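Let's take a walk through this protein together, one stop at a time. Have the sequence and the 3D view ready, and turn the view as you read.

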Amino acid sequence: MHYYLISLLKSPLTPLTYCSHDILEIGRVVEVPLSKRTLLGVVLECVEQPSFACEEILLTCKTFYTLKTLELARFIAEYYVCSLGEALALFTPFSQKSLHVKQTINTTIELSSLQEEALAFIKINTNALLFGDTGSGKTEIYMKLFEEAINEGKQVAFLVPEIGLTPQMKSRLKHHFGAHVAIWHSKISAKKKEQILTELQEGKICIVAGTRSALFLPYEKLGLIVVDEEHDESYKSSNRPRYNAKDLALLFGQKLNAKVLLGSATPSLNSIQKLPTFRLKGTFFEASTHVMYDESEHGLSNAVVVAIEKTLKRQKQVVVFVPTRANFKYITCKSCGASVECPYCSVAMSVHLHVHALKCHYCNYTEAIPKACPKCGCEEIIATRMGTAEVKEKLSIHFKDFSVSQFDRDVIKTEKQLTQILSDFNEKKIDILVGTQMLSKGHDYHGVGLAVILGVDALLNMSDFRAREKTLALVMQIAGRSGRKGYGEVLIQSQNSAFFKRYLGNYAQFLNDELAFRNPLYPPFQKMLKLMSAHTKEEKAKERIENVAQIALEFKSIEVVGHGKAGVAKIAGKYRYELLVRSPSTKALLEFAHLSKALQVEADMDPLSFS
Ligand SMILES: Nc1ncnc2c1ncn2[C@@H]1O[C@H](COP(=O)(O)OP(=O)(O)OP(=O)(O)O)[C@@H](O)[C@H]1O
Ligand SMILES: [Zn+2]
């Protein structure tokens with residue numbers, strides 16, 4: 001009999017020992033019994049016969065993980081504080097020995113001299129950041145890199161944000177790479193997935209373009225990972241393991257000897273700090289944009305309507321952005337636009353109407369809602385929000401002869417719907433497209449003459465130290481949909497126009513100033529860790545967080561930022577409590593996080609959301 005340590009896929013349990021008459025290789029997937037269930041597990045190592053009786057392995061599967069994958073999964077389990085089985089379950093196992101077929105591809109892409117310069121820079125740096133304006137031609141550079149990697153016999157993972165795989169991006173890829181490129185995301189059918197995996201291992205497919213899960217496929221010769229729109233938050237998983245695919249891309253690159261390129265028009269502060277950067281300025285086509293401001297509080301003001309009217313007269317299309325992702329209401333003064341900030345955290349506090357209080361989502365500092373704006377004394381201070389549906393409705397009534405469509409998760413639920421609406425927009429069957437954040441993702445349409453960005457102060461005042469970074473990036477991405485070719489206008493509705501005037505044309509300056517603001521309390525100067533507990537009994541949830549808060553005090557290098565009820569205090573019948581800590585030491589944070597695991601709290605390393 002042989003004894004093996006088996007990691008249980010998807011299970012939070014630590015690895016268990018099982019036995020088998022067969023000799024099994026490390027990394028082999030097997031079926032094992034656990035209580036009355038059958039689970040999939042992975043052979044980690046051969047061990048001595050234990051002193052207790054152990055159960056037999058039921059079945060040896062065809063699939064396996066490589067030693068490299070095991071190594072990557074161990075890192076994920078350690079850094080994102082989950083079990084090895086949970087980390088391994090992120091990866092799709094190999095199902096056959098990879099064949100080494102080398103493909104040769106000749107695309108017709110011809111780069112401009114500036115793009116050539118960027119390409120040369122990327123080639124000499126193992127890891128790099130391409131900081132290129134919207135419409136500057138980053139995608140063409142990526143595709144040129146894909147071509148070269150493939151011709152060197154390597155595979156490519158091309159990561160895009162959740163809804164960044166627009167029909168147009170797909171057709172650009174298919175145009176150049178035909179059957180050698182596959183599109184991968186959670187919604188493709190099991191059958192299609194099967195086919196892609198086979199062709200990937202047979203060497204026919206050499207590029208996988210997909211959302212964050214595309215990073216975990218059975219690549220034998222991964223030579224290049226490109227992360228497009230690297231600032232996008234959809235790279236971070238909101239379930240355990242709460243990994244960030246962008247950060248993992250850099251780790252995978254290092255472990256697998258692959259080149260990693262991050263790209264964005266609005267790169268994150270962390271990436272620009274960390275990576276050699278090439279600055280690609282301007283748009284590929286001749287284009288100019290004119291930015292205008294509307295100081296009205298919110299909604300369809302006269303200025304907005306007039307600007308839209310003018311654009312339609314020029315026979316150009318309009319995109320209208322409506323913020324709805326701000327989950328909470330924030331107090332903004334009707335006359336000066338200021339928000340009320342937490343005295344301890346310098347972030348805006350959010351309104352909790354049922355308790356008539358303002359609350360800081362970081363430290364839980366709470367105060368009564370002021371009767372008047374603390375800055376200017378004006379008495380009208382609660383902002384209301386307006387949703388996409390309402391804006392669409394109003395525009396349809398006002399612009400009767402034009403076609404107005406809504407573009408958000410409420411109306412676009414399937415890929416087919418997404419393709420349909422974008423192709424209608426491309427064919428100019430839609431004149432005005434009203435949408436949410438979804439509008440900002442890499443759409444390349446040449447007929448857009450105006451981008452309207454409504455109610456942006458609600459985002460700028462979010463209770464998040466990244467509020468300014470997120471908002472400015474979003475505004476620039478949406479603005480970047482207008483005037484990609486020829487003349488385009490942008491209308492920003494904000495009472496903080498000074499902020500946008502200062503930074504819109506100069507994101508690099510913003511990053512520089514923001515760095516000073518972050519120093520020394522926030523990343524990249526400190527690492528943050530959020531611990532969460534949820535329980536149907538409120539006292540339980542609270543007690544667990546208080547217990548870990550006690551443990552945190554024992555770590556000299558760890559500072560407790562705050563703890564208490566979560567921003568959303570109850571989800572699905574469970575009360576939620578949170579603890580936020582920071583430290584310059586990753587090691588200390590991880591040690592603390594792993595200790596806390598035993599106390600039934602969930603860890604979120606490098607959290608991105610604070611509500
Ligand atoms: N070398 C090139 N040859 C021909 N067309 C190009 C070239 N480079 C860029 N373009 C065209 O310029 C437009 C903008 O390029 P692209 O979409 O690659 O920009 P981007 O930097 O990826 O933009 P965004 O950040 O807004 O997604 C596209 O229509 C693209 O086809
Ligand atoms: Zn605070």
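Keep in mind as you look that the model is a predicted one. Two packed helices are described by the angle between their axes and the distance between the axes. Helix 16 covers residues 538-553 and helix 17 covers residues 586-597; their axes cross at roughly 145° and come within 10 Å. The crossing of helix 16 and helix 17 is right-handed.

Now step back to the whole chain. The protein is divided into domain 1 (2-88), domain 2 (113-280), domain 3 (287-326 + 385-517) and domain 4 (527-605). Notice that domain 3 is written as two stretches, 287-326 and 385-517.

The centres of domain 1 and domain 2, taken over C-alpha atoms, are separated by 31 Å. How many residues of domain 1 are in contact with domain 2? Nine residues of domain 1 are, and they meet eight residues of domain 2. On the domain 1 side, helix 1 (67-79) and helix 2 (84-88) each supply at least two residues. Helix 1 gives the largest share of that side, with five residues. Sorted by class, the domain 1 side holds six nonpolar residues, no polar ones and three charged ones.

Let's stay with helix 1 and look at a partner of it. Helix 1 packs with helix 7 (residues 245-256) at an angle of about 145°, and the two axes are 11 Å apart. The crossing of helix 1 and helix 7 is right-handed. On the helix 1 side, the contact is made by Lys 68, Glu 71, Leu 72 and Phe 75, while helix 7 brings Leu 251, Phe 252, Lys 255 and Leu 256. The contact of helix 1 with helix 7 has five nonpolar, no polar and three charged residues.

Next, find ligand 1. Which residues come nearest to ligand 1? Of the 18 residues around the ligand, they are Thr 134, Gly 137, Lys 138, Thr 139 and Phe 284. Helix 4 (residues 138-151) gives the most to this shell, with three residues. Domain 2 and domain 3 each provide at least three residues of the shell. By class, the shell divides into four nonpolar, 10 polar and four charged residues.

Asp 228 and Lys 138 are 90 residues apart along the chain, and their C-alpha atoms are separated by 8.8 Å. Asp 228 sits in the loop between strand 10 and helix 7. Is Asp 228 buried or exposed? Asp 228 counts as buried because it has 23 C-beta neighbours inside 10 Å.

Pro 520 is in the loop between helix 15 (507-518) and strand 23 (527-535). Most residues other than glycine have a negative phi, and most peptide bonds are trans.

For Asn 257, phi is near 65°, a positive value in a residue other than glycine. Asn 257 belongs to the loop between helix 7 and strand 11 (259-264). Asn 257 is exposed because 10 other C-beta atoms lie within 10 Å. Phi of Lys 428 is positive as well, near 60°. Lys 428 is found in the loop between helix 11 (415-426) and strand 20 (432-435). With 13 other C-beta atoms within 10 Å, Lys 428 is partly exposed.

Our last stop is Ser 350, in strand 16 (residues 350-352). Ser 350 is buried, since 25 other C-beta atoms lie within 10 Å. Ser 350 and Asn 106 are 244 residues apart in sequence, and 54 Å separate them in space, C-alpha to C-alpha.

Definitions and conventions. Residues are numbered from 1 along each chain as its sequence is written. Chains are lettered from A and ligands numbered from 1 in the order in which they are written. This is a predicted model: local features need pLDDT of at least 70, side-chain atom pairs count only at pLDDT 80 or more; totals for chains, interfaces and linings use all residues. Domain bounds come from an automatic or database domain assignment. Two residues are in contact if their C-beta atoms, placed from the backbone, lie within 7 Å. Helices (H or I, at least four residues) and strands (E, at least two) are DSSP runs, numbered from the N terminus. Ala, Val, Leu, Ile, Met, Phe, Trp, Tyr, Cys and Pro count as nonpolar, Asp, Glu, Lys and Arg as charged, and the others, Gly among them, as polar. Axes are lines fitted to C-alpha atoms, for helices over the stretch in contact, and angles run from 0 to 180 degrees between N-to-C directions. A crossing is left-handed if the near helix is turned anticlockwise from the far one by less than a right angle, and right-handed if clockwise. A residue is near a molecule or strand if its C-beta atom, placed from the backbone, lies within 6 Å of it. A residue is buried if 20 or more other C-beta atoms lie within 10 Å of its own, exposed if 12 or fewer, and partly exposed in between; C-beta atoms are placed from the backbone.
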